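Trainee: I have this model open and would like to go through its side chains with you. Can we look at it together?

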Amino acid sequence: MKTIVLICMITLFNVTNNITSTEVIDANFQGYDGEYYNFKDSSGIPWEFDRITPEALEMYDLSDEKYLNKRFKITYQILSELDDNDDEVEIYQIKQLKLLN
């Protein structure tokens with residue numbers, strides 16, 4: 001019986017460990033450097049996003065310079081993945097964008 005409870009707890013931990021929450025910020029687009037989508041919020045804090053969903057990129061082609069220094073409402077998720085060394089890393093992914101100005 002203890003073994004079954006232990007297996008259930010380990011399984012539950014592994015499932016809940018990969019659950020992501022959705023967050024929202026407002027920030028100015030600073031550019032794409034080939035690796036990260038860079039933004040800066042009104043407090044001057046830089047934000048680097050590793051990925052963007054195809055749906056969000058389809059709405060706003062961030063490779064177009066017309067979006068530089070434009071303010072966006074950014075809906076994003078933090079995903080947990082394993083890197084090449086099997087270390088857990090956080091991936092910031094943009095889910096939605098809305099141009100504010």
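Mentor: One term before we start: buried means under 20% relative accessible area, exposed means over 50%, and partly exposed lies in between, using a 1.4 Å probe and protein chains only. The model is predicted, so local features need pLDDT of at least 70 and side-chain atom pairs count only at pLDDT 80 or more, while totals for chains, interfaces and linings use all residues. Residues are numbered from 1 along each chain as its sequence is written, and side-chain values use heavy atoms, with hydrogens and water left out.

Trainee: Fine. F49 and Y76, buried or exposed?

Mentor: Both F49 and Y76 are buried. They also form an edge-to-face aromatic pair, with 5.3 Å from centre to centre and 65 degrees between the planes.

Trainee: What counts as a pair?

Mentor: Rings of Phe, Tyr and Trp (its six-membered ring) pair if their centres lie within 6.5 Å; planes under 30 degrees apart are stacked, over 60 edge-to-face, and the rest tilted.

Trainee: Where do F49 and Y76 sit in the chain?

Mentor: F49 is in strand 3 (residues 46-49) and Y76 is in strand 5, 27 residues apart, so the pair links distant parts of the chain. Strands here are DSSP runs of E, at least two residues, and helices are runs of H or I, at least four, numbered from the N terminus.

Trainee: How many aromatic pairs are there in the whole structure?

Mentor: The search finds 12. One of them is Y32 with Y37, which is stacked because the ring centres are 4.2 Å apart and the planes are at 25 degrees. Y37 is buried at 10% relative accessible area, whereas Y32 is partly exposed at 39%.

Trainee: Which rings are linked into a cluster?

Mentor: Ring pairs join F29, F39, W47, F49, Y60, Y67, F72, Y76 and Y92.

Trainee: Switching to charges. How many salt bridges?

Mentor: One. E81 and R51 meet through their side chains at 2.8 Å, N to O. The term needs a side-chain nitrogen of Lys or Arg within 4 Å of a carboxyl oxygen of Asp or Glu.

Trainee: And how exposed are those two?

Mentor: E81 is partly exposed at 28% relative accessibility, and R51 is partly exposed at 31%.

Trainee: Last one. What does K40 touch?

Mentor: Leaving out residues up to four places away in sequence, K40 touches A27, N28, Q30, I45 and P46, where contact means heavy atoms within 4.5 Å. K40 lies in strand 2 (residues 37-41) and is partly exposed at 37%.
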